[in-house]
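Hi,

Here is the model I promised to pass on.

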Amino acid sequence: MFETIFSSIVRFAAEGHTAFFSSGMAYLGAGIAVIAGLGTGIGQGYAAGKAAEAVGRQPDAQGKILVTTLVTQAVAETTGLYALLVALILIGK
Amino acid sequence: MSDFSLFGPMSSAVRSTIIIVSFLAIFFIVIGQKIKKLDPKQTPKGFLFAIIMMVDGFNAFITQYMEKDKFKFFGPYLFTIIVFLATANTISLVGLTPPLSNLAVALSFTVMTFFIIKIAEFKFITVKKKMKNLFGEVLIMSPIMLPINLIGEVSTPFSMGLRLFVNLLSGVVIATMVYTVLNWVLGIFAGIMLHAIFDLFFGLIQAFVFLMLSTINISMATDA
């Protein structure tokens, strides 16, 4: 389903251009898409730093802090994963 | 793994799903039959003891995040999810394709999460309360809040399924790229690192995260 939608979009966008040009633009778009990893990295690093701070302040609660950190980091990871998915779709063109 | 394609008919993932499901079904049916015959006055030993300890630890862990009556209803579902995901995400250690690297298998998890949240709402909160959640607290703001809340109903399970899919897919893509470049001698050494990181570490973390997010979503849907 995604493949047909994206192929129609790319075909519409690249009308009048060669296939070489459109595939090159798709690779360029894939590279631009994974810039979103910047924000993901900052967010995950911030969460991990805060978790380390919390463990230092309260070493008894390490188990609960670990569980909470894993879940929040997985949630923060989602945007980066979407960017990766977009990049993979563009490369698959 | 060499016949990898992003959206083509990828029967290898579905095949490994069927293998895992049948293996786990036979395993747990045999274990259940053995536990039924167990004498309650004696201490169980060996393998059965490990299984009982595992289930006990799981129960103790989940009841921290859920009330008792909800846990009684959703506990078996959550345990099935964690066991299947933990097996499925590490299955490429024995040479099968990880099932969650197929979009269809991952989106079936989306459908399951959607329906389990709906069942939780129907069972534990009233229609009036659900309407209040959908329309928001202030009635004048409801034309703005209703579309946002309706999108939120769908996007939560969708993001959960897609998160599993892309995590496993990235591991498969990177492993395929490395194995294509290297010959088999170097591939063995690279494979140790790759599978330790992408299958054992990320796979088990994703299984655990899916369990935790399911638990929290069920609790939130029934509390609020």
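Let me start with M53(B), which is exposed because it has 11 other C-beta atoms within 10 Å; the cut-offs are 20 or more such atoms for buried, 12 or fewer for exposed and partly exposed in between, with C-beta atoms placed from the backbone. M53(B) sits in helix α2 (residues 47-62) of chain B. Its C-alpha atom is 41 Å from that of W184(B), 131 residues away along the chain.

Some housekeeping: this is a predicted model, where local features need pLDDT of at least 70 and side-chain atom pairs count only at pLDDT 80 or more, while totals for chains, interfaces and linings use all residues. Residues are numbered from 1 along each chain as its sequence is written, and chains are lettered from A and ligands numbered from 1 in the order in which they are written.

Now chain B as a whole. It has 7 helices and 0 strands (DSSP runs numbered from the N terminus, H or I of at least four residues for helices, E of at least two for strands). Of its 224 residues, 23% count as buried, and its C-alpha atoms fill a box of roughly 70 × 55 × 25 Å along the principal axes. Among contacts with a separation of 6 or more, 76% join residues 24 or more positions apart; a contact here is two C-beta atoms, placed from the backbone, within 7 Å.

Helix α6 (residues 142-181) of chain B bends by about 30 degrees at S155(B), and P157(B), a proline, follows within four residues. That bend is the angle between axes fitted to the seven residues ending there and the seven starting there.

Next, a helix pair: α4 (residues 103-124) and α7 (residues 184-223) of chain B pack at about 35 degrees, with axes 9 Å apart. Axes are lines fitted to C-alpha atoms over the stretch in contact, and angles run from 0 to 180 degrees between N-to-C directions. Residues making this contact include I116(B), A120(B) and F124(B) of α4(B), and I218(B) and A221(B) of α7(B).

Finally, the contact between the chains takes 12 residues from chain A and 12 residues from chain B. On the chain A side, α1 (2-13) and α4 (62-91) each give two or more residues, and α4(A) has the largest share with 9 residues. That side divides into 9 nonpolar, 2 polar and 1 charged (nonpolar being Ala, Val, Leu, Ile, Met, Phe, Trp, Tyr, Cys and Pro, charged Asp, Glu, Lys and Arg, and polar the others, Gly among them).

Cheers
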